[in-house]
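Student: I would like to learn how to read a structure like this one, feature by feature. Could we look at it together?

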Amino acid sequence: MDALTLARWQFGITTVYHFIFVPLTIGLVFLVAVMQTLWHTRRRPEYLRMTRFYGHLFLINFALGVATGIVQEFQFGMNWSSYSRFVGDIFGAPLAIEGLLAFFLESTFLGLWIFGWGRLPDRLHLACIWLVSIGTILSALFILAANSWMQHPVGYHFNPATHRAEMTDFFAILFNPTLLVTFPHTILGALLTGSLFVLGVAAYHLLRGNETELFRRAAAIGTVFALLASLGTVLSGHAQAQVMTQQQPMKMAAAEALYNTESGAEFSLFALGTPDGRRLILDVTVPHLLSVLATNTWDGQVLGINDVQKLEETAYGPGDYLPVVPVTYWTFRLMAGLGFLLAGFAVWGLYLLRRRRLESAVWFNRLAIGAIALPYLANTFGWIFTEMGRQPWVVYGVLATAKGVSPTVPWGEVLASLAGFTLLYGVLAVVDGWLMLRYARHVPTEEAEPELVPALVY
Amino acid sequence: MGAYWNLPSLWFLLIAVLWMGYFFLEGFDFGVGMLLPFLGRDDADRRVLLNTIGPFWDGNEVWLIVAGGATFAAFPEWYATVFSGFYGALFLILVALILRAVAFEFRGKVEDPRWRRTWDWAIFFGSAVPALLWGVALADFLHGVPLDANHEFTGSFFDLVGPYALFGGVMTVTLFLFHGSLFLVLKTEGTMLVRARLTSARLFWLALLGLGGFLTWSYANAVANHDKGLVPDFVPLAALGALIAVGWFRRERWDLTAFMLNGAAIVLTTATIFLNLYPRVLISSVDRAANSLTITNASSSHYTLTVMSIIAAFFVPIVLGYQGWTYWVFRKRISREQVQPAG
């Protein structure tokens with residue numbers, strides 16, 4: 001493997017790993033803030049214990065998200081210095097703003113929230129957790145603004161004198177149509193992750209009859225938000241598919257392994273055989289669905305890979321503009337399939353909740369424990385799809401990934417850091433998973449929860 | 001002074017201020033982290049020590065993240081060259097910071113002495129390695145590293161760890177250790193307070209040696225290269241003077257003054273380095289005049305710097321306000337009794 005491949009693997013591994021923790025952070029802190037607000041307005045002690053219980057789990061998860069986030073900021077320069085030189089004038093700004101607006105807010109008010117129990121007035125303490133939640137959402141907004149610019153570069157011009165892309169319109173970057181669909185999709189996906197986590201952990205305790213009064217309510221919160229979030233994720237995903245069809249036709253074609261342009265295109269549910277388009281053994285399809293998905297019309301035209309390849313050759317010169325089709329095909333399917341599955345699961349949950357049978361529904365609760373894992377998979381597939389579907393570009397139509405890599409970092413150092421990060425991340429994943437399980441299983445009885453006195457945390 | 005009124009200079013100043021803030025703030029939590037295995041004789045002790053920096057360390061670290069982001073946004077060439085050139089060192093810093101961050105959170109979660117010991121050492125190394133390597137890196141900016149005409153780093157890891165750069169690391173480690181001990185004097189009670197005072201008395205001499213040596217060496221380099229940058233002599237002298245004054249205030253138990261003055265010594269030392277750099281951001285040891293990165297050849301476009309300046313002007317004061325308020329909220333001392341409630 002050359003240094004470029006190693007650098008891509010390192011970016012892939014560290015980013016996918018970082019994004020295991022981020023969605024739960026964003027989703028769960030919002031729900032913890034909701035729980036604390038319920039305690040504040042209703043004063044039922046269950047809500048306080050619920051806030052503290054899920055707050056502990058949030059903090060274990062948050063630590064790894066923050067720790068692995070620093071790597072993200074550093075490795076653009078470390079492994080992708082040519083990319084950084086080329087786009088820094090545009091790409092650096094959202095990163096710096098993310099730090100100034102989001103990270104300071106998040107870390108400072110989280111410190112105040114953790115150590116402020118019983119020290120700060122109730123209302124101020126409640127405001128702290130909401131500010132943390134706002135911080136996590138702002139952070140997502142700015143990092144997605146940076147990413148959306150890579151998917152669909154706007155508000156810039158190429159300066160031949162400095163040989164780099166330079167910003168001409170900050171608001172165009174902030175109101176990039178790609179960002180406007182990506183941001184809600186990502187935030188709602190994170191909320192879905194958090195909701196199913198709250199529901200799944202509650203289900204575990206309900207099955208064992210632990211603190212039913214508390215976990216019944218937690219399961220209800222999880223179910224309601226899971227339903228809202230899953231429907232929102234599916235709808236925003238649909239909006240995203242249409243923007244993507246216009247902006248990156250190759251990605252849509254590769255998502256479907258559609259080689260020839262079609263009108264009223266059918267959607268392949270799953271295909272067996274050679275996804276390179278040469279031979280198909282089995283292909284289960286839904287007529288017209290792809291056209292509806294991509295264009296919102298029954299007979300809309302969807303460009304095939306072969307035609308997009310020709311178009312891109314005309315625009316950017318000879319070359320291979322095809323991403324790895326089996327990866328885009330399957331990640332897209334699995335992501336969308338999981339989204340629909342979870343929406344269905346949430347509808348079932350709401351039905352049980354309306355009938356007041358949620359806490360006694362054994363099968364629902366058993367499945368809810370397993371369902372914790374599904375949004376993680378969907379999140380991961382979604383990111384792998386959108387990033388690998390953009391290849392061979394790092395900035396779509398502007399800069400090829402191969403041209404972004406650091407020219408001076410030796411192969412051996414990249415290999416060593418790749419091995420080092422993978423090993424470290426692997427060990428931390430085991431420790432973190434073990435701690436999460438331990439604390440999730442812990443029963444938050446009234447005796448186990450100390451009174452609200454200013455306490456030391458570490 | 002008209003020549004300095006431009007946006008790249010403003011951003012050079014802002015990034016320098018971010019480093020000053022980072023060293024002032026994270027300096028004391030690195031110091032406490034490094035002192036942890038030595039001042040903490042049992043678990044209750046170590047919990048006292050960790051809780052002194054508990055609400056602050058994460059917010060302090062954001063100064064680094066923002067310094068990194070601001071460098072990327074305002075001086076992409078500086079960011080790209082330093083981060084790819086200092087690859088090995090930054091990898092070590094990242095591993096250290098990751099271990100440190102999770103250690104704070106994980107340590108208290110299991111009541112097993114071996115578990116806690118392991119994370120205590122993670123906190124120690126997680127604090128010591130960045131404390132050392134940031135000093136090395138800043139000294140390298142000033143001393144110069146091999147850069148070619150395209151501003152690409154052409155050296156290896158060993159070009160980064162010359163004697164002067166290593167002494168830069170020694171300077172930051174000793175200053176941060178002393179800074180941490182002065183912070184503990186402010187934040188602890190009882191036997192821990194006695195221990196912190198004793199330690200700060202010893203560390204004073206170490207810090208004096210570290211800072212005095214570094215400033216003298218830097219001065220000698222500046223004279224030899226006929227390159228004193230913009231540094232007025234009183235800045236490094238004031239840094240040294242502040243540190244010497246700390247020695248006196250510390251003995252007289254003007255603890256807050258001592259801590260703040262030591263912070264001033266850290267800030268003034270960082271200022272010396274950046275003033276000596278200006279208008280360069282990274283000096284090339286190969287053809288200093290032609291290959292060095294400067295605020296002009298490394299900077300972003302005027303438009304980007306304008307946008308960033310407006311945002312910074314609006315939000316920096318807000319951030320400073322609420323971060324300062326945190327220190328006020330958690331101003332109380334921390335005792336063993338809080339860690340081990342009676343009964």
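Student: In this predicted model, what share of the contacts in chain B between residues at least 6 apart in sequence join residues at least 24 apart?

Tutor: A contact here means that the C-beta atoms of two residues, placed from the backbone, lie within 7 Å. Among the contacts in chain B whose residues are at least 6 apart in sequence, 79% join residues at least 24 apart.

Student: Turning to chain A, into which domains is it divided?

Tutor: Chain A is divided into domain 1, which takes in 3-245 + 323-441, and domain 2, which takes in 249-321. The C-alpha centres of these two domains of chain A lie 29 Å apart.

Student: How many residues of domain 1 of chain A are in contact with domain 2 of chain A, and which helices supply them?

Tutor: In chain A, 17 residues of domain 1 are in contact with 17 residues of domain 2. On the side of domain 1 that touches domain 2, α7 (212-247) and α11 (325-354) of chain A each supply at least two residues, and the largest share, six residues, comes from α11(A). The residues of that side of domain 1 of chain A divide into nine nonpolar, six polar and two charged.

How values were computed: Residues are numbered from 1 along each chain as its sequence is written. Chains are lettered from A and ligands numbered from 1 in the order in which they are written. This is a predicted model: local features need pLDDT of at least 70, side-chain atom pairs count only at pLDDT 80 or more; totals for chains, interfaces and linings use all residues. Domain bounds come from an automatic or database domain assignment. Helices (H or I, at least four residues) and strands (E, at least two) are DSSP runs, numbered from the N terminus. Ala, Val, Leu, Ile, Met, Phe, Trp, Tyr, Cys and Pro count as nonpolar, Asp, Glu, Lys and Arg as charged, and the others, Gly among them, as polar.
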